[in-house]
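This report covers a loop residue, a pair of helices and a pocket. Please look at the sequence and the model before reading on.

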Amino acid sequence: GRIPACSSRSILEVPGPAPTRRPGQQETTMQVQPYLTFYGRAEEALQFYEKALGAKTMFKMHFKDAPPNPDYPMSPEMGDKVMHASFTIGDSMIMCSDGDCSQPGGTHSGYSLSLNPATVEEGQKLFNALADGGEVTMPFGKTFWALGFGMAKDRFGVHWMVNVEDLSQREDLAKRAGQ
């Protein structure tokens with residue numbers, strides 16, 4: 001049978017993604033870099049994160065830009081879909097793709113991405129931007145461990161936590177945790 005144009009097998013048949021190291025940055029330790037699949041909405045997600053979080057798209061390749069592979073022909077509707085992209089939020093690198101587009105409205109579950117802004121005002125602003133068009137799972141507010149904390153699922157189904165650490169509580173919390 002014919003494999004869809006942007007199946008995981010066809011992705012493996014082309015050169016790997018661009019390096020995730022930024023120019024002038026020397027990588028000395030391994031990093032964990034989340035890879036999100038947006039099931040056909042990656043372009044929209046990149047634009048949203050640029051506006052909401054100040055993200056910067058570092059690299060983006062569409063399926064039509066990949067070398068042709070006669071064993072896995074690409075359907076015309078897949079050409080403009082994102083094969084691979086990388087973007088930064090602060091010092092963190094996140095990668096994404098439209099994937100194989102087989103699960104429209106696919107879910108992101110079992111993890112959250114966490115932002116740690118310096119001020120409550122910045123935390124509230126980021127939280128509100130992420131929650132716009134999404135779903136608040138815990139309203140942003142003061143907790144016993146944070147000056148501000150909230151959880152939301154954004155319009156793409158990605159779960160986020162925004163945590164403004166209360167540095168005055170760090171020692172007490174470590175004692176409670178037995179550290």
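Tyr 39 sits in the loop that runs between strand 1 (35-37) and helix 2. The model is a predicted one. In this prediction, the phi angle of Tyr 39 is near 50 degrees, a positive value in a residue that is not glycine. Most residues other than glycine have a negative phi.

Helix 2 covers residues 42-53. How do the axes of helix 2 and helix 3 cross? The two axes come within 9 Å of each other, and the crossing angle is roughly 155 degrees. An angle over 145 degrees counts as roughly antiparallel, and helix 2 and helix 3 are therefore roughly antiparallel to each other. The crossing of these two helices is right-handed.

On the helix 2 side, the residues in contact are Phe 48, Tyr 49, Ala 52 and Leu 53. They meet Leu 126, Ala 129 and Leu 130 of helix 3. By class, this contact has 7 nonpolar residues, with no polar and no charged ones.

Helix 3 (120-131) also takes part in the lining of the largest pocket, where it supplies at least two residues. Strand 4 (92-97) and strand 5 (113-115) each supply at least two residues as well. The largest pocket holds about 300 Å³ of space. Of the 20 residues that line this pocket, the closest to its centre are Ile 89, Gly 90, Ser 92, Ser 114 and Leu 115.

The table gives the lining by class.

| Class in the lining of the largest pocket | Count |
|---|---|
| Nonpolar | 12 residues |
| Polar | 6 residues |

Notes. Residues numbered from 1 in each chain as written. Predicted model: local features only at pLDDT ≥ 70, side-chain atom pairs only at ≥ 80, totals over all residues. Heavy atoms only, no water. 1 Å grid on protein atoms, 1.4 Å probe; cavity = no way out; pocket = protein on both sides within 12 Å on 5 of 7 lines; lining within 4 Å. Points joined across faces, edges and corners; volume = space filled by probe spheres on them. Helix = DSSP H or I, 4+ residues; strand = E, 2+ residues; numbered from the N terminus. Nonpolar A, V, L, I, M, F, W, Y, C, P; charged D, E, K, R; others polar. Axes fitted to C-alpha atoms, helices over the stretch in contact; angles between N-to-C directions. Parallel < 35°, antiparallel > 145°, perpendicular 65-115°, else oblique. Left-handed = near helix turned anticlockwise from the far one by under 90°. Contact = heavy atoms within 4.5 Å.
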